[in-house]
Amino acid sequence: MKPLLRRGRYRVVLAAAASSLALAGAALVVPTLAQAASTLGAAAAQSGRYFGTAIAANRLNDSTYSTIAAREFNMITAENEMKPDATQPQRGQFNFNSGDQIYNWATQRGLKVRGHTLAWHAQQPGWMQSLSGSTLRQAMIDHINGVMAHYKGKLAAWDVVNEAFNEDGSRRNSNLQGTGNDWIEVAFRTARAADPSTKLCYNDYNIENWSYGKTQGVYRMIQDFKSRGVPIDCVGLQTHFTGGSSLPSNFQTTLSSFAALGVDVALTEVDVTNASTSQYQGLTQACLNVPRCIGITVWGVRDSDSWRSNENPLLFDGGGNKKAAYTSVLNALNAAGPGPTTSPTTSPTATPTTSPTTPPPAGGANRIVGSQSGRCIDVPNSSQTNGTRVQLYDCHGNTNQQWTYTASRQLTVYGGSRCLDAAGSGNSAAIQIYACNGQTNQQWNVNSNGTVTGVQSGRCLDVWGTGNGQQVQLYDCNGQANQQFRLVPIS
Ligand code: G3I
């Protein structure tokens, strides 16, 4: 796979703002040239976020569709192809043809993939619809295990459970609910065991309005899961502002309230009636304002691709032209600074929970090897450009994989001309190379438990998957294998 290149980010920043950031000890990256990103994915990446779309496998041979999708987006969700009816049409017989078609198309272009969805009352295969009780419970577990085994280590996240609540906040009366109220937590525990490397999300619609019953019902479940240690990493707010729904004024409150429970949030299926520019701008800004809102996915490329095409709800018209809403989203993404992760008011206070080891002797070159993947931290295409995001790649020991741990806890590359640098201190902050400057976001503790933690953030180096091109980020230390790295001397 071609190593993923990331656009540099250059912004106009007022001197006063820059100095206040510096005083607050926030991120160092305050470039001074104006150069707005020209695609949604690149614009979102400036703040460490993604911008995605749903993709239908049977449209990929439409070149207008696939050209727009590959150009604009950097996260892909299979619209229907990874759902239970598609992946296990007969009991015990899995079929990943269409899902893999989308996965391969995306990853060959350096795009990440979200899995959608494992346990849902809809789009169950016929054989599953007719099951109940303990037989259905076991079938759900087998389904999660079968599908997650196939995609193990490959996906950024899975929507483990989809749409399990009624509008009033009670549980939806589905066949899955009939297997016992604990079915959702069983699904999440099964999923964590099946693939510890992927983020596990609960996904639903009509949970955007903070004062709505359904929102509160889902919130209470996430709160309960977090308090009891049920594994859950994220909440997907589908954000279908179609079919009579619209952007609520308290949307940001909803996002920040979920995030405060200790989960990431993402907008997972966005569409808006007649693509209202104000609503698209507003939902984008709400995400940008919440540090743990990690990305936005629209539910299709062109209006003609939408499940609600009569409402023209997407960012491209049927001819593939950018609509006004596209510009409102792009401008909002470009107007955001390096991201809320750098805001003094939202910087985390996390502190390292492990002791640093004695630093290896200064001057020696090391590979940094991910223990889960066996792959090395690599600078794509041997770039020396400030802001180039590092990735996992097959270890080869060339200079773009040679890291020196200095006495001042920097991890330098290219003989010391560039440093491993955190572009922020919050969850999902990008890890990149940057000219060495001695600041704390370029200082790392190499810990005895195998983690590498940022001195500024206290957060761990983390990867979402194991394949070539997987980008490295900061994330809350969680003891999982995707946060384990070894410094291996290059002799
Ligand atoms: O592919 C068959 C085609 O062969 C057949 O002729 C035709 C006849 O109806 O159906 C086609 O399948 C349709 C499929 O989309 C592919 O177009 C299904 O009928 C249709 O039900 C299915 O709709 C999908 C819907 O989920 C099903 O629940 C939509 O594409 C998809 O956008 C939608 O996505 C959901 C999310 O998964 C969850 N959140 C809500 C969202 C919107 O409903």
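Reader: Which residues are the closest to the ligand, and how many surround it?

Author: This is a predicted model, in which local features need pLDDT of at least 70 and side-chain atom pairs count only at pLDDT 80 or more, while totals for chains, interfaces and linings use all residues. Residues are numbered from 1 along each chain as its sequence is written, and side-chain values use heavy atoms, with hydrogens and water left out. A residue is near a molecule if one of its heavy atoms lies within 4 Å of it. The ligand is surrounded by 13 residues, and the closest are Glu 79, Lys 83, His 116, Glu 163 and Glu 269.

Reader: How do the residues of the shell around the ligand divide into nonpolar, polar and charged?

Author: Ala, Val, Leu, Ile, Met, Phe, Trp, Tyr, Cys and Pro count as nonpolar, Asp, Glu, Lys and Arg as charged, and the others, Gly among them, as polar. The shell then holds three nonpolar, six polar and four charged residues.

Reader: Which atom of the ligand lies 2.7 Å from a polar side-chain atom of Glu 269?

Author: Polar contacts here are pairs of N or O atoms within 3.5 Å. Lys 83 places a polar side-chain atom 2.6 Å from an oxygen atom of the ligand, and for His 116 the distance to an oxygen atom is 2.7 Å. For Glu 269, the ligand atom at 2.7 Å is a nitrogen atom.

Reader: Which peptide bond is cis, with omega near -5°?

Author: Strands are DSSP runs (E, at least two residues) and helices likewise (H or I, at least four), numbered from the N terminus. Strand 3 (residues 112-120) contains Thr 117. The cis bond is the one from His 116 to Thr 117.

Reader: At what angle do the axes of helix 11 and helix 12 cross?

Author: Axes are lines fitted to C-alpha atoms, for helices over the stretch in contact, and angles run from 0 to 180 degrees between N-to-C directions. Helix 11 (residues 277-288) and helix 12 (residues 324-335) have axes that come within 8 Å. Angles under 35 degrees count as roughly parallel, and these two helices are therefore roughly parallel to each other. Their axes cross at roughly 25°.

Reader: How far apart are the axes of helix 10 and helix 11?

Author: Helix 10 (residues 251-260) packs against helix 11 at an angle of about 30°. The two are therefore roughly parallel to each other. Their axes are 9 Å apart.

Technical notes: A polar contact is a pair of N or O atoms within 3.5 Å; within protein, one must be able to donate a hydrogen and the other to accept it, and residues adjacent in sequence count only if both atoms are side-chain atoms. Angles under 35 degrees count as roughly parallel, over 145 as roughly antiparallel, 65 to 115 as roughly perpendicular and the rest as oblique.
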